[in-house]
Amino acid sequence: MKFLTETRHRLVPRTIDGVTNEVPEPYTVRVPKVPMDKDRAALVAVGGLVLALTLVAIVWSTYSIGQLLGGGPGYAAGAVFDVAWLSVLLLEWLARFDPAKRAFPRKVGWGLALVAAAAIFLEGLLAGGWQMAVVGAAVSIVAKVLWWAVFKHIDKDLAPADAAWVAAEMSKANAKLAIAGARRQAAKAEVAARLELLAAERDLSELSGLDHSMGTNEVITAEHDANGDPNFLHNIREVEPLNRANTVREPVEQGVNIAHLARVELKAGASREEAIEAILAKVPQAKQASVEATVRRERNKLDRAAYR
């Protein structure tokens with residue numbers, strides 16, 4: 001048995017000025033040399049040769065069918081015939097552990113190869129006789145047979161019990177993929193629904209603000225017409241709130257617009273406490289807790305507007 005010398009690294013403690021750290025240290029070790037896998041090398045060599053012959057077959061079939069189709073774009077169409085059954089070879093390779101799934105691409109590959117051979121045979125008859133037709137058509141058939149032999153060698157045949165076990169494991173994995181896809185779609189739908197609800201609430205808030213602003217315009221006009229009479233506010237009736245059959249808002253009670261009074265006081269520079277006292281002085285029947293909540297809400301709105 002042959003041995004190889006490899007250089008490896010390990011961590012060792014090293015202390016400098018009283019401080020210890022782990023540092024890498026190289027060392028050598030002899031390991032046995034793995035013998036060459038002759039079977040694998042032979043399979044790679046066969047695969048390379050078959051691939052080279054397949055490229056020759058593609059070039060020949062593309063040229064022959066392209067000539068049959070009139071040249072020019074016909075060459076591109078001719079390449080479809082052999083490329084089609086070559087593509088099916090990849091599906092056959094991916095299904096090498098599932099005999100039932102592997103059988104379908106194998107049958108499709110044979111059908112596509114026979115179609116390509118038939119087209120080459122027809123072109124040979126028109127160009128030079130039946131001898132050229134037979135030999136030309138055999139090129140694609142030989143390439144397909146070689147690939148069939150390679151796959152026949154590397155097929156992974158399983159016992160019925162083992163095949164059932166593999167099928168069960170694949171079913172579990174497919175179920176997990178299906179569940180993951182369903183949950184991803186459900187999450188996307190939930191996000192879309194929440195965004196729609198947020199947009200609807202924003203629109204309703206804007207409509208509510210519009211209703212308040214319409215009411216405050218009447219209040220300001222009436223207050224100015226009263227020449228500053230403080231008792232005149234008690235006789236002001238707010239504009240009727242918007243109340244449709246499809247509204248999701250509760251009807252607004254009629255009365256003095258506390259929110260407008262809060263905005264007027266806060267915009268004039270009053271603090272929250274001063275605004276609450278001024279509103280209670282003008283509207284003594286208002287509840288103090290409600291006035292405080294309104295002033296706090298309007299203060300927050302003004303602060304947010306200032307940062308926009």
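Predicted model: local features only at pLDDT ≥ 70, side-chain atom pairs only at ≥ 80, totals over all residues.
In helix α6, the buried residues are I258, A259, H260, L261, A262, E265 and L266. Buried here denotes under 20% relative accessible area, exposed over 50%, and partly exposed in between, with a 1.4 Å probe and protein chains only. Helix α6 is thus mostly covered, with seven of its ten residues buried.

Good morning, colleagues. Residues are numbered from 1 along each chain as its sequence is written, and side-chain values use heavy atoms, with hydrogens and water left out.

Let me turn to the overall picture. The protein contains eight helices and two strands, in the order β-β-α-α-α-α-α-α-α-α along the sequence. These elements are DSSP runs numbered from the N terminus, helices being H or I with at least four residues and strands being E with at least two. Of the 308 residues in the protein, 22% are buried. The accessible surface comes to about 21700 Å², and carbon and sulfur atoms hold 62% of that surface; the areas come from the Shrake-Rupley method with a 1.4 Å probe, and for residues only the protein chains shown count as cover. Among contacts with a separation of 6 or more, 55% are between residues 24 or more positions apart, a contact being heavy atoms within 4.5 Å.

I shall take the strands next. Strands β1 and β2 run antiparallel and are joined by 14 bridges; two strands are taken as paired if DSSP finds at least two bridges between them.

Which residue forms a salt bridge with E25? The partner is R10, with the closest N and O atoms 3.3 Å apart. Because E25 lies in β2 (residues 19–32) and R10 in β1 (residues 3–16), the pair ties together parts that are 15 residues apart in sequence. E25 is partly exposed at 31% relative accessibility, and R10 is also partly exposed, at 43%. The salt bridge rule requires a side-chain nitrogen of Lys or Arg within 4 Å of a carboxyl oxygen of Asp or Glu, and by this rule the count comes to eight.

A further example sits inside a helix. E169 and K172 form a salt bridge, their closest N and O atoms being 3.7 Å apart. Both residues belong to helix α5 (residues 160–225), three residues apart, about one turn of the helix. An α-helix has 3.6 residues a turn, so residues three or four places apart point the same way. E169 is partly exposed at 34% relative accessibility, whereas K172 is exposed at 51%.

Finally, I return to helix α6. The side chains of R263 and E298 meet in a salt bridge at 3.2 Å, N to O. R263 lies in α6 (residues 258–267) and E298 in helix α8 (residues 288–307), so this pair ties together parts that are 35 residues apart in sequence. Salt bridges that share partners join R263, E298 and K301 into one network. E298 counts as buried, at 2% relative accessibility. At the start of α6, a side-chain oxygen of N257 reaches to within 3.2 Å of the backbone nitrogen of A259. Just after α6, G269 takes a positive phi of about 105 degrees. Thank you.

Key. Polar contact = N/O pair within 3.5 Å; in protein donor to acceptor, adjacent residues only side chain to side chain.
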